[in-house]
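Subject: Structure handover

Hello,

Here is the structure we talked about. Please open it first, then read the notes below.

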Amino acid sequence: MNPILIDFPNPSPLGKNVRTLLKAEDGKVLIRNFPDGETYLRVESQVEGREIIVYASLFQPNDWILNLLFLADALRNHGAKRVGLLATYLAYMRQDKVFHPGEALTSATFAKLLSSSFDYLVTVDPHLHRYHSLNEIYSIPALVVKAAPLISEWIHTHVKNPFIIGPDRESAQWVKEVAGNAPSIVLSKVRHKDGHVKITWLESMDIEGKTPVLVDDIISSGGTMLQAVEHLKEEGFPPPICIAIHPIFAENSYQRLLDAGVQKIATCNSIPHPSNQIDLAHVLVGALKIILE
Ligand code: R5P
């Protein structure tokens, strides 16, 4: 029997694509609030004995994480065979260390919550900085899908003579893979206490006749990308193309990047955004099939 996919909390283009490719049934859930603000949740699909995939990007999860946990529990209580979480943007990965006394290690607490509610996790390029693997904090099987091959394909289809640039050392892990045969370089970034970012070159670059393509995993405050863009401008390079896997674009950073004169911004659809141009559906379905078969 085909799986049931629940697109949570709202239907999304990526959820629809994944459901179609997987030939999954559209899962129905009713959610409303009691007068006191508490949640009423009812699973309307017949889930007994079925494989259930809950698709939630997990972007800005604070408003609905409790409902997600209620849903997972309800699915289990009503006899679902397995309840998997397809979380294209895995939230709460950045506080991966207690930097100051008294701080909450939110990455670990969040992982504990999800691990206790779901049978497995499929996600896209989680922000692994001090953790080397999700297994360090997630106790359920966690399958990581890599966006680099798709980004590489997009660049080689859409950009003439690309020169791939990673804005910081952390980006080195995917810059090489994204670049393929194209030239690439990784820059050096220092983030000051006030959040201000300073980017410097590690070596000189010759990008005569090439199109600079900045690639990062996340654009959040936009500080990293903006600094890199400004730096390229100061050095007299042509306007770059900016690519990110997870387009958070906090603090109006999408507009600020456009205003900075970038040539184009292209992102993966791990988080719905007008800049989405790189569709993750096929690779996500590939990963889900490995688990389901
Ligand atoms: C850094 O560790 C990441 O790879 C990104 O460069 C960073 O998260 C981007 O954040 P922001 O847009 O706030 O500079």
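Start with two helices. The axes of helix H4 (residues 148-158) and helix H5 (residues 172-179) come within 8 Å and cross at roughly 45°. Axes are lines fitted to C-alpha atoms, for helices over the stretch in contact, and angles run from 0 to 180 degrees between N-to-C directions. H4 and H5 are therefore oblique to each other (under 35 degrees is roughly parallel, over 145 roughly antiparallel, 65 to 115 roughly perpendicular, the rest oblique). Helices (H or I, at least four residues) and strands (E, at least two) are DSSP runs, numbered from the N terminus.

This is a predicted model: local features need pLDDT of at least 70, side-chain atom pairs count only at pLDDT 80 or more, and totals for chains, interfaces and linings use all residues. Residues are numbered from 1 along each chain as its sequence is written, and side-chain values use heavy atoms, with hydrogens and water left out.

Now the sheet. It is open, has six strands in the order E10-E9-E13-E14-E15-E16, and pairs in parallel. Two strands pair if DSSP finds at least two bridges between them. The edge strands are E10 (184-186) and E16 (276-278), each pairing on one side only. From one strand to the next, the twist averages 30°.

E14 (residues 241-247) and E15 (residues 264-268) pair in the parallel sense over four bridges. Ala244 stands opposite Thr267 in E15.

Best wishes
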